[in-house]
Amino acid sequence: MTSSVTHVLRLLRWGRTLARYGALQGVEKDPLTPPFARRLVRLARLGLRQPAEPDYATALQQLGPAAIKLGQALATRPDLVGEKAAHNLFALQDSLPPAPFPLIRKAVEQALEAPLETLFSSFEETPVGAASIAQVHRAVTTEGRQVAVKVLRPGIEDMFAEALETYEWAAAHLEAHAGDEARRLRPKTVIAHFRQWTRRELDLQREAASASELKENMVAEDGFYVPEIDWHRTARRVLTLEWLDGIKLSKRDDLIAAGHNPRDLAGILVRAFLRQAVIDGFFHADLHQGNLFALPDGRLAAIDFGIMGRIDRRARLWLAEILYGLITGNYARVAEIHFEAQYVPAHHNSDEFATALRAVGEPIRGLPVKDISVGRMLEGLFSITRDFDMPVQPHLLLLQKTMVMEEGVATFLDPDINMWEQAEPFLKEWIRSELGPEAYAADRIVQVTRALRKLPDLIDRIDHYFPAPGGAPPALPEVQVDVKQLPRLRFRDTLIALGAAIAGAAAVLLLR
């Protein structure tokens, strides 16, 4: 168990780096920052010149892999870090110098339990990409297939374990000492989700399973492609998948030169995301331009399935109704859904919440179609969470982040595209199919069928606890006696009784 002194020293060392890039200015100036945290910040920046504009992304890159991933998680929390900081963190580049090839070779051979030459006819030593958690090498299998091999960085698990331990210690102390506002923002929960997030990313076999599941779900979306997994060459620390020859969506000019229509690609991206998030409830949660490729046949392909989001059906229905209600201006219904979902504490007034939503929605609805922004809508919604004591909904954090990221990619491809315009018919049809009379009848049939299936087991359990009378004759009536509680003997009374008995016995003996 790491001591508190070690945690404080780590925080001071990290704080020194953050202060060098001005990344602690907001923490120091925030009136809600607890005194102990403010003292640590002042100690960390002692003697340093700070820039006028904080650069959070560069500071976290300097701290290494765990800090990079934490920064990407915090980019989804403008309510926690502020709008400017969240915007800066979205620019965080998940890249580091590659690990030496001998270490990578050893890691592959240990994970797959075979020499490299028996698995691949060629294996490029220089990686095509080196991120904070893993790096990717191009290779050719012994069967002649072109593949990409993703390998975890050596020692990465230990680095994350050390950092996470200190993050958890800091979050617990922040929540304990920073008052009601910190408890509402739930920093411990944020770190718990971050731990879960990174645990998944550090298991490449699980990433392969996520890619496989997404591929099955996206059969209905012809324009969206997920590469095949080579399960024979995949383990917890190594993932091998089909190599894709395509153009990254970040290279818009190259896309146009190759004959691709950016408007079509943007439409595919929006439809694919809506199908994943709204219909399937399982979505790729890292849809930035570096993970998306345009294939020669016009399809859009995705890679890097380490961060995936999942939402259950009830939450998807609420989400779809909220989005559709904001599109159509039905703020009263959106407010009702927030109370039904218990996103807003019951002591608040639904009509007041509807008015606050109107303040967010109407300015957006008044803009030209091409200027309506999902990001702006989310920014407005975040601004009212504090007024209505709304606790953070961790299951929606990844979705919120992905919606903003996906809108950014789509508008980069087609500046005139609008998420609302693309989403409205999709959401309208899905809500009709899920909340219409046919869906209502189908849900009731399923509920009744499940209830009927429980009846035999329920009857058996009733019979067990309340068995029928057996063959013995009925019990004879018993006399009811009012039982009185006997007085409790105290130790003193016992000694007196014992003394009296001894004295009586002595008297009898003397009289003989």
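This note goes through selected features of a predicted model, point by point.

1. **Helix 12.** This helix covers residues 187–201. Seven names make up its buried set: Pro187, Val190, Ile191, Phe194, Trp197, Thr198 and Glu201. These residues cover an arc of only 115 degrees around the axis, which puts them on the same side of helix 12.

2. Phe224 has Leu300 of strand 10 as its bridge partner.

3. **Positive phi at Glu113.** Most residues other than glycine have a negative phi. Glu113 is not a glycine, yet its phi is positive, at about 55 degrees. Glu113 sits in the loop between helix 8 (101–112) and helix 9 (116–119). Buried or exposed? Glu113 is exposed, since its relative accessible area is 70%.

4. **Positive phi at Asp304.** Asp304 also is a residue other than glycine with a positive phi, near 65 degrees. The loop that holds Asp304 lies between strand 10 and strand 11 (308–310). Asp304 is partly exposed, with 22% relative accessible area.

5. **Salt bridge Lys150–Glu207.** The whole structure has 21 salt bridges. In one of them, Lys150 pairs with Glu207, and the closest N and O atoms are 3.1 Å apart. This pair links distant parts of the chain, 57 residues apart. Lys150 is in strand 4 (residues 146–152), and Glu207 is in helix 13 (residues 204–217). Both Lys150 and Glu207 are buried.

6. **Salt bridge Arg310–Glu213.** Here the closest N and O atoms of Arg310 and Glu213 are 3.2 Å apart. Arg310 lies in strand 11 and Glu213 in helix 13, so the pair ties together parts that are 97 residues apart in sequence. Arg310 is exposed, at 53% relative accessible area. Glu213 is partly exposed, at 29%.

7. The side chains of Glu336 and Arg333 meet at 3.2 Å, N to O. Where do these two stand in helix 17 (residues 331–340)? Three residues apart, and therefore separated by about one helical turn. Both are partly exposed: Glu336 has a relative accessible area of 38%, and Arg333 has 23%. Elsewhere, salt bridges that share partners join Glu143, Arg145, Asp230 and Arg233 into one network.

8. **Aromatic pairs.** The model holds five aromatic pairs. One of them is Phe101 with Phe123, a tilted pair at 5.9 Å centre to centre and 45 degrees between the planes. Phe101 lies in helix 8 and Phe123 in strand 1 (residues 120–123), so this pair ties together parts 22 residues apart in sequence. Phe101 and Phe123 are both buried. Phe120 and Phe123 also pair, edge-to-face: 5.3 Å centre to centre, with 70 degrees between the planes. Phe120 is buried, with a relative accessible area of 4%. Phe123 counts as buried because its relative accessibility is 14%, and the cut-off for buried is under 20%. Together, Phe101, Phe120 and Phe123 form one aromatic cluster.

9. **Charges over rings.** Arg233 lies over the face of Phe120, 5.7 Å from the ring centre. Phe120 in turn is part of the aromatic cluster. A further case is Arg299, whose charged end sits over the ring of Tyr225, 4.5 Å from its centre.

Note on methods. Residues numbered from 1 in each chain as written. Predicted model: local features only at pLDDT ≥ 70, side-chain atom pairs only at ≥ 80, totals over all residues. Heavy atoms only, no water. Helix = DSSP H or I, 4+ residues; strand = E, 2+ residues; numbered from the N terminus. Expected span 1.5 Å × (residues − 1). Buried < 20%, exposed > 50% of the residue type's maximum accessible area, 1.4 Å probe, protein only. Arc of directions from axis to C-beta. Pairing = 2+ DSSP bridges. Salt bridge = Lys/Arg side-chain N within 4 Å of Asp/Glu carboxyl O. Phe/Tyr/Trp six-rings, centres within 6.5 Å; stacked < 30°, edge-to-face > 60°. Lys NZ or Arg CZ within 6 Å of the ring centre and 35° of its normal.
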